[in-house]
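Subject: Structure handover and findings

Hello,

Here is the structure I promised to pass on. Please open it first, then read my notes below.

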Amino acid sequence: MSNDDSLSVKVLNWVKNEGYTLEMRVARIFQQSGFSVSRFEPYVDPESDDLREVDVVASVNRQFSGIEVFVTLFVECKYFSKPWVVFVSPRRLGRFSYFSRILNNEFAVHEWRHQDTLQGRLLARILSSLGHQKISTLSLFLTPQIVGYGMTESLRGGLDHAYEAIMQVGKCVEAHDIEAETDLERAVELYDETKYRRDPRETEFMLSCSIAFPIIVGKGKLFECYLDENSETIVSEVDESVILVPSRRHRDTGGARSSSSVLRVVTEKRLEYFATEAFEAASALLSQERAMEDVWEYERDKAVEGLEAQEIPF
């Protein structure tokens, strides 16, 4: 073996050990399922303001009238060098629990105008249009009767890579949520440049919004741990698990408030099936043209009212 061949083998082993091949496979599977895919997209850490990257971003989008809507999966890819364990327990969740990070718990989905954020108003209007019967056929959005409340890397002696992955993908979607509201402000500011026109309602109002979900994809062994009816500890291997993790929802006043976020952890073995489910669910959300146009009209009318209020002399 020549020195060049030996170096190639070393580089190949390094690439595999660092996890880059997993990220490439994950990106390809989502792409083959119909998603547009990008890798190593940057985001600003909401806590430290450091610039970080998410491994894979898979998205689907459609545009109606003046609104473009994306359904986006932020995916962290991890090698489970040691088994990861999700601690689960029976828990009754509401019909829209999968969207708990985005929606306000205190408002019904049909009262979509009362949601705090553009992402929340958009999702609530789409869900109310889809109806519970249709949503119940989309396996991605169904929460199981047994839900995880924590996850850790077993048999470890140092850094907990499972906890690290939860924090990474959590900060990524939080940064996304903040950016979504910033994008709305920018759209209104751009619209504001036309405020001296005779009829602002005849002026084009362009809006873009992404509905985001966090995902962890891992290569290796994943287990769920729970107590049975006899209080015996049971550990069983699974290919997918659902975890409720803390998240923060930002408001214009009063800073951030806590909420819950549903995180799916999927092994590579189940990824092809999961990606197909995810694309089906995303397509169902994006099929609600009238709902998206309703949100666009509502946001446009708010912008118009804001411009008209600015014209009132004091």
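The structure holds 23 salt bridges. Keep in mind throughout that this is a predicted model.

**Charged pairs**

Why would such pairs form at all? Side chains of opposite charge can pair when their charged atoms come close.

Start with Arg186. Which partners does Arg186 bridge to? One is Glu179, with the closest N and O atoms 2.8 Å apart. Another is Asp183, where the closest N and O atoms are 2.9 Å apart. Arg186 and Asp183 both sit in helix H5 (residues 161-192). They are 3 residues apart there, so about one helical turn separates them. How exposed are these side chains? Arg186 is partly exposed, at 44% relative accessible area. Glu179 is partly exposed too, with a value of 34%. Asp183 has 29% relative accessibility, so it counts as partly exposed.

Next, look at Lys269 and Asp239. Their side chains meet in a salt bridge, at 3.6 Å from N to O. Where do the two residues lie? Lys269 is in the loop between strand S8 (256-267) and H6. Asp239 is in the loop between strand S6 (233-238) and strand S7 (240-250). The pair therefore ties together parts that are 30 residues apart in sequence. Lys269 is exposed, at 66% relative accessibility. Asp239 is partly exposed, at 29%.

**Aromatic pairs**

How many aromatic pairs does a search of the whole structure find? The count is 10. Two of them are worth a look.

Phe35 and Phe279 pair edge-to-face. Their centres are 5.6 Å apart, and the planes are at 80° to each other. Phe35 lies in the loop between helix H2 (20-32) and strand S1 (36-44). Phe279 belongs to helix H6 (residues 271-286). So this pair ties together parts that are 244 residues apart in sequence. Is Phe35 buried or exposed? Phe35 is buried, because its relative accessible area is 4%, under the 20% cut-off. Phe279 counts as partly exposed, at 26% relative accessibility.

Trp112 and Tyr298 form another edge-to-face pair. Here the centres are 5.4 Å apart, with 75° between the planes. Trp112 lies in the loop between strand S3 (67-90) and helix H3 (118-130). Tyr298 lies in helix H7 (residues 289-310). The pair thus ties together parts that are 186 residues apart in sequence. Trp112 is buried, with a relative accessible area of 5%. Tyr298 is partly exposed, at 22%.

Two further items involve rings. Tyr98, Phe99, Phe141 and Phe213 form one aromatic cluster. Arg300 lies over the face of Trp296, at 5.0 Å from the ring centre.

**Gly218 and Lys78**

Now go to Gly218. It lies in strand S5 (residues 207-227). Gly218 counts as buried, at 0% relative accessibility. Which residues does Gly218 contact, leaving aside its neighbours within four places in sequence? They are Lys78, Phe80, Val266, Thr267 and Glu268. For a reference distance, take Ala162, which is 56 residues from Gly218 along the chain. The C-alpha atoms of Gly218 and Ala162 are separated by 10.0 Å.

Lys78 is one of those contacts of Gly218. Lys78 lies in strand S3. Is Lys78 buried or exposed? Lys78 is buried, with a relative accessible area of 17%. What does the Lys78 side chain make a polar contact with? Its partner is the side chain of Gln168, at 3.1 Å. Lys78 also touches other residues, not counting those up to four places away in sequence. Among them are Leu22, Trp84, Glu164, Ala165, Val217 and Lys219.

**Where to look on screen**

For the charged pairs, show Arg186 with Glu179, then Lys269 with Asp239. For the rings, show Phe35 with Phe279, then Trp112 with Tyr298. Finish on Lys78, with Gln168 as its polar partner.

Best wishes

Key
Residues numbered from 1 in each chain as written. Predicted model: local features only at pLDDT ≥ 70, side-chain atom pairs only at ≥ 80, totals over all residues. Heavy atoms only, no water. Phe/Tyr/Trp six-rings, centres within 6.5 Å; stacked < 30°, edge-to-face > 60°. Helix = DSSP H or I, 4+ residues; strand = E, 2+ residues; numbered from the N terminus. Buried < 20%, exposed > 50% of the residue type's maximum accessible area, 1.4 Å probe, protein only. Lys NZ or Arg CZ within 6 Å of the ring centre and 35° of its normal. Salt bridge = Lys/Arg side-chain N within 4 Å of Asp/Glu carboxyl O. Contact = heavy atoms within 4.5 Å. Polar contact = N/O pair within 3.5 Å; in protein donor to acceptor, adjacent residues only side chain to side chain.
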